[in-house]
Amino acid sequence: MRPDTDINKIWFTADLHFLHPKITDICSRPTTIEEHDNWLINRINEKVSKHDTLYILGDVSMASKEKTEPLLTRIKCKHKFLILGNHDKNLENSTSFVNISQIKNFTFNSPNYPNIHIVLCHYPIASWDRKVHGAFHLYGHTHNRFQNTGLSFDCGVDAQNYYPISLEEVFDKMTKISLDLM
């Protein structure tokens, strides 16, 4: 069992789109294309710390692994996980991540937050493991252009004011959603 405080050391994000020449226009991000990558890395680093864990749910970069790796090393936390998105072929063999997968079942268990189960996938999905038991689902890909209903939501930067979201924030949102469904 983990300590309750760990709930603030786990972060989720998606759709960074580093080195994408048109992302600021496509998604109306409030920065210039020249400053985009530094701006987004700074926003991530405002939240995560060295010993935290960051799950990136796809679409990290539009550039090669060689151009992307230096950007990833600037993100403070050492424990980065990648859930592959449709623009991540370039990173399938990256050494910047503890683990790389298509989908991930995430479980957190502490005294005040028992048995939180979340299915992480780049894409919004209609059904997932343990959904009928109240498991949550986080996704990206849609750039805040799709509002799923039920126990899932978009954790991508465009849906979260360009910041990663902590597990505690996820838990708070999901608890509210669960109560609204009752």
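I took a salt bridge to be a side-chain nitrogen of Lys or Arg within 4 Å of a carboxyl oxygen of Asp or Glu. I applied this rule to a predicted model.

**Entry: Asp158 and Arg29.** I looked up this pair and found a salt bridge, with the closest N and O atoms 2.8 Å apart. I then located the two partners in the fold. Asp158 sits in the loop between strand S8 (152-154) and strand S9 (165-166), whereas Arg29 sits in the loop between helix H1 (23-26) and helix H2 (36-47), so the pair ties together parts that are 129 residues apart in sequence.

**Entry: Asp6 and Arg2.** I recorded a salt bridge between Asp6 and Arg2, where the closest N and O atoms are 3.2 Å apart. Asp6 has a relative accessible area of 14% and is buried. I noted Arg2 as partly exposed, with a relative accessible area of 34%. The value for Asp6 counts as buried because the cut-off is under 20% relative accessible area.

**Entry: Glu92 and Lys89.** I found that the side chains of Glu92 and Lys89 form a salt bridge at 3.6 Å, N to O. For Lys89 I read a relative accessible area of 65%, which makes this residue exposed. Glu92 is partly exposed, at a relative accessible area of 36%.

Note on methods:
Residues numbered from 1 in each chain as written. Predicted model: local features only at pLDDT ≥ 70, side-chain atom pairs only at ≥ 80, totals over all residues. Heavy atoms only, no water. Buried < 20%, exposed > 50% of the residue type's maximum accessible area, 1.4 Å probe, protein only. Helix = DSSP H or I, 4+ residues; strand = E, 2+ residues; numbered from the N terminus.
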